[in-house]
Amino acid sequence: MRGTRRKQEGRWAWRLTGFVTVCVYIFMFAPIVATVILSFNASMFGGFPMTGFSLQWYGKLMANEAVLAAFRTSLWIALVTAIVTTAIGVTTAFALVRFDFRGKQALSTLVILPALVPETILGVGLLVLIKAVDQPRTMLLLVLGHILLAVPYVVLIAQARMIGIRRVYEEAALSLGASRFSSFREITLPLLIPAVVGGALLAFTISFDNTSASLFWRPAGVETMPTQILSMLKISISPEINALGTVMILVTVGIPLIGGLILQSLTKLRRRGEPKEETQ
C-alpha cells in the first residue's frame with residue numbers, strides 16, 4: 001500500500017516537473033517564434049492575426065542604409081573580437097594549464113572576473129573611467145570592451161580542452177629536440193582545434209549580440225545591430241524590427257550551428273583518412 005502511494009507521488013512529481021519545464025520553454029521561445037512569424041506578415045501592424053505572407057519588410061530592410069551600416073559595423077567588430085579573443089584566450093589557457101608561476105591564481109581570477117560582473121556595471125564603470133581620464137569614446141575602445149567581455153568564455157573553453165590533452169605528447173616532442181613553440185604548433189594546437197573553433201564562434205556571437213555594453217561604449221553616431229533595434233523601437237514598433245530580429249537570430253544561432261556541423265564533418269573525414277590499427 002505504501003509502495004503504491006510512493007509510486008503515485010513520484011509519477012505526479014515527474015508530471016509537475018514536465019509541466020514546469022514546458023512552461024519555461026514556452027516562456028523563453030514563444031517570443032522568438034512570434035517575431036519570426038510576424039516578420040512575414042503582410043500587414044503594417046506587427047500583430048496577430050496575420051493578413052498574408054509577404055517578404056516586403058525584408059526588402060525594406062535591405063534598402064535601409066542605417067540598418068546596413070549597423071550590420072556592417074557589428075560584423076567587423078565581431079570578427080575582430082573573435083580573432084583577437086581567440087588568440088588571447090588560447091595563449092592564456094595554455095599558460096594557466098601548462099605552467100606554474102607566481103601570481104597564477106590571481107591571473108586566473110582576473111581573467112574570469114569580467115564574466116562574473118554584470119555587463120551594465122562593467123559598462124558604467126569603464127565609461128566613468130573614460131570620463132575621469134578625459135578620453136573620447138572611440139571604435140577602438142568599443143572593440144577592446146567586446147574583447148574584455150568575450151575573453152573569459154574563450155579561456156574557460158580552451159582550459160577545459162587543454163586539461164584533457166595529456167602532457168606526454170608534448171614531452172615526447174620536446175625530448176626529440178622540438179622547441180616549445182614547435183611542440184605547441186605541431187602537437188597541442190591540432191588537438192585544441194575544437195576548443196579554438198568553439199571559442200571563436202562564441203566570442204563572435206557574444207560581440208555581435210551585445211547590447212548593454214555597446215550602449216555605453218559606442219562613439220557618437222555609430223550604431224551596432226542591437227543598438228539600432230533599440231533606436232528603431234523608440235520611434236515605433238515597425239514590422240521591419242521583426243525582420244531585423246529574425247536576421248539577428250539567424251546570425252547568432254545559425255553561425256555557431258554551421259561552424260559546429262563543419263567541424264564535426266571535418267573530424268569525421270580526418271578519422272576516415274587515418275590508417276586503421278591492425279588487430280592481432
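**Pocket and cores, term by term**

The second largest pocket holds about 150 Å³ of space. This is a predicted model, where local features need pLDDT of at least 70, side-chain atom pairs count only at pLDDT 80 or more, and totals for chains, interfaces and linings use all residues. Residues are numbered from 1 along each chain, and side-chain values use heavy atoms, without hydrogens and water.

Me: What makes this space a pocket?
Reply: By definition, on a 1 Å grid over the protein atoms alone, a pocket is an open set of points with protein on both sides within 12 Å along at least five of seven lines. The volume is the space filled by probe spheres set on the points, which are joined across faces, edges and corners.

Me: Which residues line the second largest pocket?
Reply: Among them are Thr35, Asp209, Pro226, Ile229 and Thr252; a lining residue has an atom within 4 Å of a point. Helix 11 gives the largest share of this lining, six residues.

Me: Why is something called a nonpolar core?
Reply: Because it is a set of buried Ala, Val, Leu, Ile, Met, Phe, Trp, Tyr and Cys residues joined through side-chain atoms within 4.5 Å, with buried meaning under 20% relative accessible area (1.4 Å probe, protein chains only). The largest one here has 21 residues, and Leu61 and Leu244 are among those with the most contacts inside it. Helix 11 supplies its largest share, six residues.

Methods. Buried means under 20% relative accessible area, exposed over 50%, partly exposed in between (1.4 Å probe, protein chains only). Helices (H or I, at least four residues) and strands (E, at least two) are DSSP runs, numbered from the N terminus. On a 1 Å grid over the protein atoms alone, a cavity is a set of points where a 1.4 Å probe fits but cannot get out, and a pocket is an open set with protein on both sides within 12 Å along at least five of seven lines; lining residues have an atom within 4 Å of a point.
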